[in-house]
Amino acid sequence: MSAFKPLVFSGVQPTGNLHLGNYLGAIRKFVALQADNDCIYCVVDLHAITAQLVHEDMRGQIRSIAAAFIAAGIDPKKHIVFNQSAVPQHAELAWIFNCVARIGWMERMTQFKDKTGGKNAEQVSLGLLAYPSLMAADILVYRATHVPVGDDQKQHLELTRDIAQKFNIDFGSHIRKAGTGVDIVVGEEPVHAYFPMVEPLIGGPAPRVMSLRDGTKKMSKSDASDLSRINLTDDADTISKKIRKAKTDPDALPGEVEGLKGRPEAENLVGIYAALSDRSKAEILAEFGGQQFSVFKPALVDLAVNVLSPITDEMRRLMDDTTHIDAILRDGGERARARAEKTMKEVRDIIGFVQ
């Protein structure tokens, strides 16, 4: 192999209702990327049990994510859509990466520190500490080269690169002997690598969608207030109510992007409008600058309903009869397992396991 074949991988956890932030920050990118890339999209159900072990409707949540993928426009025939637990090679490679990674790397993860509060680390699951290894395995079991991520996931992608680099260096002579490596340069150092140095795909006018109730906090499935987010299952009336009740400030919208500084709620709503309309914040402010939110919010309502309603309607249709979704997941799981097993046979060979 003279170079790593370009491949895009990403996944979404089946925990809580998908919301506008998930759509703009992830799923819409997934749809766009499939036009020019080989893509694998995963419902990461193994990750869902790291922080909360018991879920009342795990199957329903998995199907809901898959339905959102399909309703948004992902083509499961040209690409792969599956649920993580259907491909045991993810967990197998994650164990190997647990032995590659260092505990200190995991303890420095911002999300781990946020979720433990720095105080009750002894009370959380080992899975919560180690799940970045599983995340690395999700990506690298397919030797993916690119991952669409938000700003908050860049640290985990850096860890994936660190794990890949350490594996490549530690097993360098084994990789060369197996004949399955690629000559790459990391920094200024030549490396004969089995795993690629994954690159992030970050972009768009609204890479982070914030809460409708607090522009300094990310829109979240776990927020206690349903008014803080627009769910992909919300109907037109609910979307309208949430946007009209969204927190703002008393000033008119500025004419230039610079004027949004120090106005997080205004910046969030302008960013949402920009993302939904595939335009820049500057273009939106050129249109609405000097106008009050009483004018801007109704326009945002109309736009959001027009964009999201077809997705919501298709999701509901798919969820009314899950036979189609289950068939897509089965087919995707079979195709993903075939790819993942090819990687694992080569990894076992590199390590020296008897097969």
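## Where H3 meets H7

Ile96, Phe97 and Val100 of H3 touch Ile163, Lys166 and Phe167 of H7, where contact means heavy atoms within 4.5 Å. By class, that makes five nonpolar residues, no polar ones and one charged. For the classes, Ala, Val, Leu, Ile, Met, Phe, Trp, Tyr, Cys and Pro count as nonpolar, Asp, Glu, Lys and Arg as charged, and the others, Gly among them, as polar.

Helix H3 covers residues 89-100 and helix H7 residues 154-170, and their axes come within 10 Å while crossing at roughly 80°. H3 and H7 are therefore roughly perpendicular to each other. Axes here are lines fitted to C-alpha atoms, for helices over the stretch in contact, with angles running from 0 to 180 degrees between N-to-C directions. Angles under 35 degrees count as roughly parallel, over 145 as roughly antiparallel, 65 to 115 as roughly perpendicular and the rest as oblique.

## What you're looking at

This is a predicted model, so local features need pLDDT of at least 70 and side-chain atom pairs count only at pLDDT 80 or more, while totals for chains, interfaces and linings use all residues. Residues are numbered from 1 along each chain as its sequence is written, and side-chain values use heavy atoms, with hydrogens and water left out.

The protein has 13 helices and seven strands; helices (H or I, at least four residues) and strands (E, at least two) are DSSP runs, numbered from the N terminus. Its radius of gyration is 22 Å, close to the 20 Å that the globule rule gives for 355 residues, so the protein is as compact as a globular protein of that length. That radius is taken over C-alpha atoms, and the rule is 2.2 Å times the number of residues to the power 0.38. Along its principal axes, the C-alpha trace spans about 70 × 50 × 45 Å. Of the 355 residues, 52% count as buried, with buried meaning under 20% relative accessible area, exposed over 50% and partly exposed in between (1.4 Å probe, protein chains only). Take the contacts with a separation of 6 or more: 76% of them come from residues 24 or more positions apart.

## Another helix pair

Helix H1 (residues 20-33) packs on helix H12 (residues 293-320) at an angle of about 85°, with the axes 13 Å apart. H1 and H12 are therefore roughly perpendicular to each other. On the H1 side the contact uses Leu20, Tyr23 and Arg28, and on the H12 side Val307, Leu308 and Ile311. Sorted by class, the residues of this contact come out as five nonpolar, no polar and one charged.

Strands E5 (residues 182-186) and E6 (residues 189-193) pair in the antiparallel sense over five bridges; strands pair if DSSP finds at least two bridges between them. Val182 has Ala193 as its bridge partner in E6, and Asp183 has His192. Two residues sit between the strands of this hairpin, and Gly187 in the turn has a positive phi of about 70°.

Which residues of E5 lie on its covered face? They are Val182, Ile184 and Val186, while Asp183 and Val185 lie on the uncovered one.

## Loops worth a click

Two residues other than glycine have a positive phi. Arg143, with phi at about 50°, lies in the loop between helix H6 (126-140) and strand E4 (146-148). Is Arg143 buried or exposed? Arg143 is buried, with a relative accessible area of 8%. Asp278 has its phi near 55° and lies in the loop between H10 and helix H11 (281-288). At 65% relative accessibility, Asp278 counts as exposed.

The loop between helix H9 (236-244) and helix H10 (264-277) holds Pro250, and Val257 is found in the loop between H9 and H10 too. Pro250 counts as exposed at 72% relative accessibility, whereas Val257, at 37%, counts as partly exposed. Val257 and Val270 are 13 residues apart in sequence and 9.5 Å apart in space, C-alpha to C-alpha. Leaving out residues up to four places away in sequence, Val257 touches Lys281, Ala282 and Leu285.
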